[in-house]
Amino acid sequence: MIEMFQPDFMQRAFLAAVLVGVTAPSIGIYLVQRRQALMGDGIGHVALTGVGLGFLFQANPMWTAVLVCVLGAVVMELVRARGNQRGDIALAMLFYGGMAGGKLLVSMSSQSGAGSLESYLWGSILFVSPGDLVVIGLLAAVVIAVTVGLRRQLFAVCQDEEFARVTGLPVRVLNLLLAVMAAVTVTVAMRVVGLLLVSALMVVPVAAAQQLTRSFAATQATAIGVGVVTALLGVGTSYQVDLPSGPTIVFLAILTFALFSAIAAPLARRRHRASTEHGPAVCDVVLPGPAHASTATATATAEDSSGGPGTAGGPAAVLEGTEPVRAPAGATIDAPLSGESLSSRGLAQ
């Protein structure tokens, strides 16, 4: 077992696996929240053109993939924002054009070869070079800084765009930023997981965490833990059994989801019995401060008391001067609240 950590390429592979395991679920939880779970898959298709450009111009394919992915993600977000009926057709042409263009560019380059292309499609621990590790580390740091530093704002936009817009948040900028971070994450993960499977590492750990957690902060932390553990186990298993790292990591993540799903059912029954024994549930409602204006907007808290992204409709920073009020479930208040906002699990589903 110790011998596995001695080769330099394995040390680089494990470091890259940790970075990917943290980064992919960090951005994936927002994509799942806004029902764009397959966005990473589409960006992965476009990234193949970036890889082909890197091969063609003798450049680092990771940097060219970043540029192409960011451009593709911006186009995808603009098409989504317009919401026209032809959006699906435009996105389909973008995805398939990205794959076709990538294959053509790789074939035209002097570095063309089935082995080099396979490493980007399915991931390979043998191809994580020192230069790749530096790029992965820099890009992962950017993604983590954005997803953690702007967690409240991003959560608000993903939960309710209209409310976020009313509170003064730059919704379009935040949506574009989220799309760009998803594109960067695809580039970070393509060496370890592969372009065809990177979306799975964004979504499956989040889906697994949802089975056991009830708040946004807990879901995000659990998803990152699942991502890191499965990435490390997948890299180690691929080395021991001589398997491609990407499919191994994704398969372990799916097994984790199945395990968490099996555990979730008895936990749900236990929570239900506990809630019935202790009377009706209560919901945390944030009302205006001392004035208690009857027409003010109330926001249900979407986090536990530790204080993560605290509102289901917008960031807590927007609601300065507010104080929490405990209200019985079902109580009537002047401000409109959606049932999904009051659901303790709605924020992670």
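Predicted model: local features only at pLDDT ≥ 70, side-chain atom pairs only at ≥ 80, totals over all residues.
1. On the H1 side the contacts come from Val-20, Ala-24, Pro-25, Ile-27, Gly-28, Ile-29, Leu-31 and Val-32. Their partners in H10 are Leu-201, Met-202, Val-203, Pro-205, Val-206 and Gln-210.

2. H1 also packs against H11. Here the axes come within 8 Å and cross at roughly 150°, so H1 and H11 are roughly antiparallel to each other. The crossing is right-handed. If you want to look at this pairing on screen, the H1 residues include Phe-9, Phe-14, Val-18, Gly-21, Val-22 and Tyr-30. Among the H11 residues they meet are Phe-216, Gln-220, Ile-224, Val-228, Leu-232 and Tyr-239. Pro-25 and Ile-29 are listed in this contact with H11 and also in the one with H10.

3. H10 (residues 198-210) and H11 (residues 216-241) meet each other as well, at an angle of about 125° and with their axes 8 Å apart. The two are therefore oblique to each other, and their crossing is right-handed. From H10, the residues involved are Leu-201, Pro-205, Val-206, Ala-209 and Gln-210. They meet Thr-219, Thr-222, Ala-223, Val-226, Gly-227 and Thr-230 in H11. Leu-201, Pro-205, Val-206 and Gln-210 turn up in the contact with H1 too.

4. Leaving aside residues up to four places away in sequence, Leu-252 touches Thr-230, Leu-233, Gly-234 and Thr-237. Leu-233 sits 19 residues from Leu-252 along the chain, and their C-alpha atoms are separated by 7.9 Å. Thr-230 is also one of the H11 residues that H10 meets.

5. How many salt bridges does the structure hold? There are 3. One of them joins Arg-34 and Glu-161, with the closest N and O atoms 3.4 Å apart. Arg-34 lies in the loop between helix H1 (8-33) and helix H2 (39-56), while Glu-161 belongs to helix H8 (residues 161-166), so the pair ties together parts that are 127 residues apart in sequence.

6. Finally, a word on the surface. Which residues form a nonpolar patch there? The patch is made by Trp-63, Val-134 and Leu-138, which together have about 300 Å² of accessible area. Leu-138 lies in helix H6, which covers residues 130-149.

Note on methods. Residues numbered from 1 in each chain as written. Heavy atoms only, no water. Patch = residues over 30% accessible without salt bridge, like charges linked within 9 Å, V, L, I, M, F, W, Y side chains within 5 Å. Areas by Shrake-Rupley, 256 points an atom, 1.4 Å probe, with all protein chains shown as cover. Salt bridge = Lys/Arg side-chain N within 4 Å of Asp/Glu carboxyl O. Helix = DSSP H or I, 4+ residues; strand = E, 2+ residues; numbered from the N terminus. Axes fitted to C-alpha atoms, helices over the stretch in contact; angles between N-to-C directions. Parallel < 35°, antiparallel > 145°, perpendicular 65-115°, else oblique. Left-handed = near helix turned anticlockwise from the far one by under 90°. Contact = heavy atoms within 4.5 Å.
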